Amino acid sequence: MSSLNRFVTLGEISDRIGDGLHGTPAYSENGEYFFINGNNLLDGEIIFNEKTKSCSKFEYDKYKKDLSNNTILISINGTIGNLAFYKGENVILGKSACYINIKSDVDKNFIYYALKSSKFQNYIKSQATGSTIKNVSLKLLRDYVLELPDIIQQKRISKILSTLDDKIHLNNQINQTLESIAQAIFKSWFIDFEPVRAKISAKQTGQDPELAAMCAISGKTQAELDQLTKEDFAELQATAALFPDELVESELGTVPKGWSVQKIKDFGRVICGKTPSKSIAEYYGNDIPFIKIPDMHHDVFVLDSFEKLSEKGSNSQANKILPRGSICVSCIATVGKVIITHQPSQTNQQINSIVPDLPIYTYFLYFLMGEKERLFHDLASGGSATLNMNTSTFSNVDILMPNSKIIEAYDGVVSRIFDEILHNLKLSFLLSDMRDTLLPKLLDR
């Protein structure tokens, strides 16, 4: 950077740096206040999930910290270096979530990118202490030295980088919406059986069952159906005709007549992953994605795994190769995470995967495996502290097999949605790579 820049410590440009509660608050069901730790911080956002505990306002008032719009949160215990802006959320911080209140005359966005840089990340990770769980001291944070340009330059640099992040964030939001649409259709057809129930209800009231199913499938009224083109009407009519007009009892409860109960293994080949020998260095490289559970937490597809195999490493266990469109399900420790491969890949032994017999099964199985998360968790418990669902148990889980024509119709509806999701993911990946390339150049100029 320019000689006009000054060197400062993180402590000097912060009003306060502190960690969270050493202990746990009293949790409550359906509270409006949340207890978060470092693993709730990701890419500038506080992430809430099904494991996030809630608490009462009393607990919140008792343990809340002095956070503001100029606060940056960072994980300092276990998972180290995750970052998030505080945006007024009602949260109690755990000890692994540190808060940094940036002074008002410093651009917090610039400091966020300085903390996101490899220079800072390498600093805290190399200096962290602890034999099993790594920890970063508050003193280590306060003493970190960075080069600070004037406020105009700070804002200019952070604007360039945040523009890229904003586009990535927008793509993520679009993808969440697209996935929700595909999932809603899946739930309507294969969980709630809405087209079937619409036909049954229409029969009981003397109405047209097929027309009722068309309304259930499209979400349109009969008057709106009349406005469809002849081609669209015929396509919708053909889809509605695929659904039966009766429900029957089965091992899985009440299901549409003609649908059968099958095993997961009846949909394709089930493969349990394996880790190639770590003692053979040439087995690892940059050719084949090697998927592990941490790669499965955020997106429908895994675009880039933390670790990759070489061609030689992949070929050493060629029977473990997963083609494009395979469904991966985590089955050990963290159970029930689901992703789709978009290129030939392999996984470690904590993941069971389905190579579908037919391409039309991919998106159907993706959502169906997600619906089974609670069941998978129960099957994996087995009285052990570490969850473990073996390949045989996974392969023999009962699932509902609809008429293949209905699965084909579903694939025809949602495949374009998933194509758009993958396109947005690839674009975000390129933008992320551009941001990470620019980051050190802008900070060090």
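**Close-up views of a predicted model**

**View 1. An open sheet of four strands, with antiparallel pairing, has the order 15-21-18-19.** The model is predicted, so local features need pLDDT of at least 70 and side-chain atom pairs count only at pLDDT 80 or more, while totals for chains, interfaces and linings use all residues. Residues are numbered from 1 along each chain as its sequence is written, and side-chain values use heavy atoms, with hydrogens and water left out. Strands (E, at least two residues) and helices (H or I, at least four) are DSSP runs numbered from the N terminus; two strands pair if DSSP finds at least two bridges between them. Strand 15 (268-272) and strand 19 (338-340) are the edge strands, each pairing on one side only. On average, and with direction ignored, neighbouring strands of this sheet are turned by 20° against each other. Axes are lines fitted to C-alpha atoms, for helices over the stretch in contact, and angles run from 0 to 180 degrees between N-to-C directions.

**View 2. Helix 11 (residues 361-371) packs on the sheet.** This helix touches strand 18, strand 19 and strand 21, where contact means heavy atoms within 4.5 Å. The direction of helix 11 makes about 165° with that of strand 19.

**View 3. Strand 18 (residues 327-330) is joined to strand 21 (residues 351-356) by four bridges.** The two strands run antiparallel. Cys328 has Ser353 in strand 21 as its bridge partner, and Val329 has Asn352. Three bridges join strand 18 to strand 19, also in antiparallel fashion, with Ile327 opposite Ile340 in strand 19. Ile327 and Val329 point one way from strand 18, Cys328 and Ser330 the other way, and all are buried; buried means under 20% relative accessible area, exposed over 50% and partly exposed in between, with a 1.4 Å probe and protein chains only. In a regular strand the side chains alternate between the two faces of the sheet.

**View 4. Strand 10 (residues 97-102) is largely enclosed by the rest of the structure, because six of its six residues are buried.** Both faces of strand 10 are covered: Ala97, Tyr99 and Asn101 are buried on one side, and Cys98, Ile100 and Ile102 on the other. Strand 2 (residues 14-18) runs antiparallel to strand 10 and is joined to it by four bridges; Ile17 stands opposite Ile100. Strand 7 (residues 71-77) also runs antiparallel to strand 10, with five bridges between them. Thr71 has Asn101 as its bridge partner in strand 10.

**View 5. Helix 2 (residues 108-116) packs against helix 3 (residues 118-127).** Ala114, Leu115 and Lys116 in helix 2 meet Ser118, Phe120 and Gln121 in helix 3. The residues of this contact divide into three nonpolar, two polar and one charged. Here Ala, Val, Leu, Ile, Met, Phe, Trp, Tyr, Cys and Pro count as nonpolar, Asp, Glu, Lys and Arg as charged, and the others, Gly among them, as polar.

**View 6. The secondary structure of the protein comes to 14 helices and 22 strands.** Along the principal axes, the C-alpha atoms fill a box of roughly 80 × 55 × 45 Å. Of the 445 residues, 47% count as buried.
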